[in-house]
Amino acid sequence: LSTPFSNVILDDKIKQALRSIVTLPLLYPQQFSSGILAREAISGALLYGPPGTGKTMICRALACEGGARMLLIKPSDVQEKYVGESEKFIKGLFQLAYRLAPCVVFIDEVEAIFKARTDSVPIWHVSMAMDGLTSGASGVSNKKKGVVLVGATNRPFDIDPAFLRRLPYRMLVDLPPEPQREEILKTHLTGEKLEDVDLKRIAAKTKGYSGSDLKSKLIA
């Protein structure tokens with residue numbers, strides 16, 4: 001991974017909070033294996049917010065800063081498999097994460113895998129995935145194993161409560177305000193020759209744009 005946190009345009013308070021939850025246990029696992037740090041350890045974090053705000057990039061930066069690998073789980077990796085296959089896949093992925101430790105397990109679009117149980121969502125669909133997670137992630141709360149679980153979603157209220165308990169720390173990654181939009185534009189245009197381009201004016205006129213939207217606008 002080669003995504004430094006310096007490339008992530010995010011509020012400094014949010015950066016520091018995520019570092020303390022994800023990066024520090026990866027860098028100093030022994031300090032989190034006993035005492036109050038072990039007892040009060042947070043087993044995972046959920047990044048939620050509008051699409052295109054950089055949740056995956058944030059996770060890559062956290063893993064990079066912690067000197068860790070990152071394993072990515074997408075809905076397509078789990079869905080439309082034979083009964084029992086999703087459970088085996090998730091369990092096997094965590095076993096791989098322990099072997100690769102330090103490692104960040106990143107589950108993208110959490111709500112598509114661990115849906116809240118309703119009449120339209122079969123209980124077995126969620127139960128199978130939860131069984132795999134429970135079995136595979138049984139050691140995640142034990143920081144000496146060097147594995148941290150991070151999830152991302154655009155729809156936090158559609159997630160099964162049992163899964164949410166695995167991610168007690170929840171952080172809103174919202175649309176960037178004007179100063180951050182200007183910084184994002186500068187980052188994307190690094191190395192470009194700019195003449196008569198007023199980035200401050202562009203940032204002011206792009207209220208409601210995500211980082212991904214700004215990149216697309218520059219390319220267009």
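**Figure A. Glu 109, at 39% relative accessibility, counts as partly exposed.** Here, buried means under 20% relative accessible area and exposed over 50%, with partly exposed in between (1.4 Å probe, protein chains only). The model is predicted: local features need pLDDT of at least 70 and side-chain atom pairs pLDDT 80 or more, while totals for chains, interfaces and linings use all residues. Residues are numbered from 1 along each chain as its sequence is written, and side-chain values use heavy atoms, leaving out hydrogens and water. Glu 109 occupies the loop that connects β3 with α6 (110–113); helices (H or I, at least four residues) and strands (E, at least two) are DSSP runs numbered from the N terminus. The phi angle of Glu 109 is near 50°, which is a positive value in a residue other than glycine. Most residues other than glycine have a negative phi, and most peptide bonds are trans.

**Figure B. A cis peptide bond links Ala 101 to Pro 102.** The omega angle of this bond is near 5°. Pro 102 belongs to the loop between α5 (85–100) and β3.

**Figure C. Strand β3 (residues 103–107) is largely enclosed by the rest of the structure, because five of its five residues are buried.** Both of its faces are covered. On one side are Cys 103, Val 105 and Ile 107, on the other Val 104 and Phe 106, and these residues are all buried. Strand β2 (residues 69–73) runs parallel to β3 and is joined to it by five bridges; two strands pair if DSSP finds at least two bridges between them. Within this pairing, Met 70 has Val 104 of β3 as its bridge partner. Five bridges also connect β3 with β4, again in a parallel arrangement. Val 104 stands opposite Val 148 of β4, and Val 105 stands opposite Leu 149 of β4.

**Figure D. Strand β4 is mostly covered, with seven of its seven residues buried.** Val 147, Leu 149, Gly 151 and Thr 153 point one way from the strand. Val 148, Val 150 and Ala 152 point the other way, and both sets are buried. Strand β1 (residues 44–48) runs parallel to β4, and five bridges join the two. In this pairing, Gly 44 stands opposite Leu 149.

**Figure E. The largest pocket has a volume of about 640 Å³.** Of the 33 residues lining this pocket, the closest to its centre are Gly 52, Thr 53, Gly 54, Met 57 and Gly 211. On a 1 Å grid over the protein atoms alone, a pocket is an open set of points with protein on both sides within 12 Å along at least five of seven lines, whereas a cavity is a set where a 1.4 Å probe fits but cannot get out; lining residues have an atom within 4 Å of a point. Points are joined across faces, edges and corners, and the volume is the space filled by probe spheres set on them. At least two lining residues come from each of α3 (55–65), β4 (147–153), α9 (178–188) and α11 (211–219). The largest pocket lies between domain 1 (5–172) and domain 2 (178–219), because both give residues to its lining; the domain bounds come from an automatic or database assignment.

**Figure F. Cys 59 takes part in no disulfide, and a search of the whole structure finds zero disulfides.** A disulfide is a pair of cysteine sulfur atoms within 2.5 Å. For Cys 59, the nearest cysteine sulfur is that of Cys 103, 9.4 Å away. Cys 59 counts as buried, because its relative accessibility is 0%. Cys 64, with a relative accessible area of 25%, is partly exposed.

Figure G. Phe 5 and Ala 63 are 58 residues apart along the chain, and their C-alpha atoms are separated by 9.8 Å.

**Figure H. Asp 77 lies in helix α4 (residues 75–78).** At 21% relative accessibility, Asp 77 counts as partly exposed. From Asp 77 to Ile 90, the C-alpha to C-alpha distance is 9.3 Å, and the two residues are 13 residues apart in sequence.
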